[in-house]
Amino acid sequence: MGCRAAAALARQLSGVSEHAVQGVICLSFPLHPPGKKHTHLQRSEDLKMLPESVRVLFVSGTEDNMCNRGLFNEVLKDMKADAEVFWLQGGSHGLTVKGRSEDSVMDEVNLKILHWIKKPVD
């Protein structure tokens, strides 16, 4: 529940002070349990309530059975926060990719995260 808890905390803190949270990084956001896509509305509420001042980076695998891409894209449309998604090609919910070493995958993910952190805010 790490990503969901981080989104909930970011929402709460941003209500206290606009500058309390500058960004949230969500690795494999669990939009729904495997095979239970109907729960995505409840699980995405905190994301939709994040203010425009909060940047969000989602890192998700294209083969993640807990994050249907179509449903996730709908959630993104409903978000006020500045959201960016990095889709790891072939990645599972655990960000493993068949045929690739864990180090190779983590190097790619970490590079994306570092670029996002260093990217100037508009």
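Trainee: Which residue of E2 does Leu27 stand opposite?

Mentor: Leu27 stands opposite Val59 in E2. Keep in mind that this is a predicted model, in which local features need pLDDT of at least 70 and side-chain atom pairs count only at pLDDT 80 or more, while totals for chains, interfaces and linings use all residues. Residues are numbered from 1 along each chain as its sequence is written, and side-chain values use heavy atoms, with hydrogens and water left out.

Trainee: What makes E1 and E2 paired strands?

Mentor: A strand is a DSSP run of E with at least two residues, a helix is a run of H or I with at least four, and both are numbered from the N terminus. Two strands pair if DSSP finds at least two bridges between them. Five bridges join E1 to E2, so these strands meet the condition, and they run parallel. Gly23, whose place is in strand E1, has Arg55 of E2 as its bridge partner.

Trainee: How do you know that E2 and E3 are paired?

Mentor: Seven bridges join E2 to E3, which run parallel, and because at least two are required, these strands count as a pair. Ser60, for instance, stands opposite Trp87 in E3.

Trainee: Why are E1 and E3 called edge strands?

Mentor: The three strands form an open sheet in the order E1-E2-E3, with parallel pairing. Strand E1 (23–27) and E3 each have a single partner strand, so one side of each is left without a neighbour in the sheet. From one strand to the next, the twist averages 15°.

Trainee: What packs on this sheet, and which strands does it touch?

Mentor: Helix H4 packs on the sheet and touches E2 and E3, and its direction makes about 165° with that of E3. Such angles run from 0 to 180 degrees between N-to-C directions, with axes fitted as lines to C-alpha atoms, for helices over the stretch in contact.

Trainee: How do you know that the buried residues of H4 lie on the same side?

Mentor: Leu71, Phe72 and Val75 are buried in helix H4 (residues 69–78). They cover an arc of only 100° around the axis, which puts them on the same side of H4; the arc is that of the directions from the helix axis to the C-beta atoms. The buried residues of H4 pack against helix H2 (40–43), helix H3 (45–48), strand E2 (55–61) and strand E3 (82–88).

Trainee: What makes Asn68 a cap for H4?

Mentor: A side-chain oxygen of Asn68 lies 3.0 Å from the backbone nitrogen of Gly70, at the N-terminal end of H4. A polar contact is a pair of N or O atoms within 3.5 Å, where within protein one must be able to donate a hydrogen and the other to accept it, and residues adjacent in sequence count only if both atoms are side-chain atoms. The 3.0 Å separation therefore falls within the limit.

Trainee: Why is Gly23 called partly exposed, whereas Ser28 is called buried?

Mentor: Buried means under 20% relative accessible area, exposed means over 50%, and partly exposed is in between, using a 1.4 Å probe and protein chains only. Gly23 is at 36% and therefore counts as partly exposed, while Ser28, at 7%, is buried. In E2, seven of its seven residues are buried: Arg55, Leu57, Val59 and Gly61 on one side, and Val56, Phe58 and Ser60 on the other.

Notes
Contact = heavy atoms within 4.5 Å.
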